[in-house]
Amino acid sequence: MSVNKEEPIRFSILDRKTQLQKMQSEEFDLIIIGGGVTGAGIALDAASRGFKTCLIEKNDFASGTSNKSTKLIHGGLRYLKQLEIALVKESGSERALVHQLVPHLVVPEKMLLPLIEGGTYGKIMTAIGLKVYDFLANVEGDDQRKMLDIEETHAKEPLLNKEKLTGGGYYAEYRTDDARLTIELLKKAASFGASSVNYCEMTSFNYDQEGKIENLWCTDHNTGTSFSLKARNYVAAAGPWVDLLREKDNSMNDTYLHLTKGVHIVFSKERFPLSQSVYFDVPDGRMIFAIPRGRVTYVGTTDTNYHGNLNRVVATKADAQYLLDAVNNMFPSVQLTIDDIESNWAGLRPLIHEEGKDPSELSRKDEIFVSETGLISIAGGKLTGYRKMAQRVIDAVLKTMNSEEQQRFSKSFTKKIPLTSDPLENTQAVEKYQEHVNLLLKGVGVDDPYYGWYLISNYGKQTSIIISKIDSFFNEVIHERLIRAELWYAVHHEMVNGLSDFFIRRTGRLYFDINSVHKFRELVLQDLIDYLNWDVGRTEQEVDTLELLLQDASRYYDKEIM
């Protein structure tokens, strides 16, 4: 059996009205509710097998948990300590596979684990643990773990407090951008015929006489119009909102979500000049990451129980202080304060509740619930495991089909599907392409190699399309022409529907280059007005939304928003 035929990608917000009309006239094999990485992974798996697939998302794609992670495709070393061997094995093998599928976006990242007196990990257990970690993940060659002495550890990262060091471990992980990964999955699913629409909310389930879901009632938030969508099967992949959907379906049981909050804070490279990703001890016994990325260094994450507003998760002063204390304890020379933080992000983990366990002890395993109405829900899990989670969901869908269909749709192809239409083959190809892009940018007056890195780490070889559009825009400043070309691409190829879609989920600028949001927001706003024919009311709404997000990314509240 061969993979379902892939067609040229058409994933433009300018097609949205036509696509919605078409969706209402079709009956799908599968409708997925939720446009995060899990839903996107399910859409790609289903569409590439030949399912007629639809995905709807009430906000923007990747606007929940899937743009608030630590942005690592990692094996989860601490899960080994919790003896979650199967989870570590699956995550370890998946991270290398996803790197092969999209090497510009899932990038090898060596991780330093400093060992300190009285720390979480001792020398012997670290050596054994990292060896087992490599074994479970089939790590070979230069990526295999190395144990370091005090001098070697301090040489890797001179900002570490040398007085506390007893040595270190050095091992392989992968860095990514979770929202960009989600977008690429959806674009690839679209190339196999999947219909995916953002800002389209499922408001209610409609049932037939036997109590099975007959169709969904949905609202288009762009126009306010409502309509029904119909499928043979329905999947809820809504992350923190999964239990709300199960409640609407009257299918809640004794297994439910336990939401925990994770906060990350971002510093300029000048203020926190970390040269090496570090996974380090916090005085309370937890461990957190400090990761250099482009022009910044970010630190996270917290792990606290959450009972606030699902639609507006913010960082509190206590969250910021916890991370600042952790950094200043491990890197005492930097002495960071809350005023040094450039931006932050706060997100939720939709974990499965386990009685009596603290947030950091809860399992990251996923779980699937199948209700009598036909709703299949998935919760829990990790970013790294999105592909396997999708396979397990499709396995549950197949059980509702006859034997002939089960055989026809039985095989998953996502292990072999590159996530961009013109993929770079490996890390070496990425580096070579970056040299090419830097020369192109230099030719138009951009000398800073950061821009080449930024474009390629976001778009891979799709960068060439963006650069080819620069001459279409007539601004005196080259960086204004460059961001307008980037926006053109996002509108025509990545379903950008608003200001925040562009500045957060497509480019990551709100988190990693917040000053550029302030600098270019008016320019981007005017182009979006022209592209999408916004009236005064819609324009004001977009400006207000971005203003609130800028506020939340740069302020620290006394308590959660309820």
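This is a predicted model: local features need pLDDT of at least 70, side-chain atom pairs count only at pLDDT 80 or more; totals for chains, interfaces and linings use all residues.
User: Is helix 16 buried or exposed?
Analyst: Helix 16 (residues 499-506) has 8 of its 8 residues buried, so it is largely enclosed by the rest of the structure. Buried means under 20% relative accessible area (1.4 Å probe, protein chains only). Helices are DSSP runs of H or I with at least four residues, and strands are E runs of at least two, numbered from the N terminus.

User: Which helices do its buried residues pack against?
Analyst: Among them are helix 7 (178-191), helix 13 (449-459) and helix 19 (536-554), where contact means heavy atoms within 4.5 Å.

User: What follows helix 16?
Analyst: Gly-508 follows, with a positive phi near 70°.

User: Turning to strand 11, which way do its residues point?
Analyst: Residues including Leu-257, Lys-261 and Phe-267 point one way, while His-258, His-264 and Ser-268 are among those pointing the other way; all are buried. In a regular strand the side chains alternate between the two faces of the sheet.

User: How many bridges join strand 11 to strand 16?
Analyst: There are 10, and the two strands run antiparallel; pairing requires at least two DSSP bridges. Lys-261 has Leu-348 as its bridge partner in strand 16, and Lys-261 also stands opposite Thr-304 in strand 15.

Key:
Residues are numbered from 1 along each chain as its sequence is written. Side-chain values use heavy atoms; hydrogens and water are left out. Buried means under 20% relative accessible area, exposed over 50%, partly exposed in between (1.4 Å probe, protein chains only).
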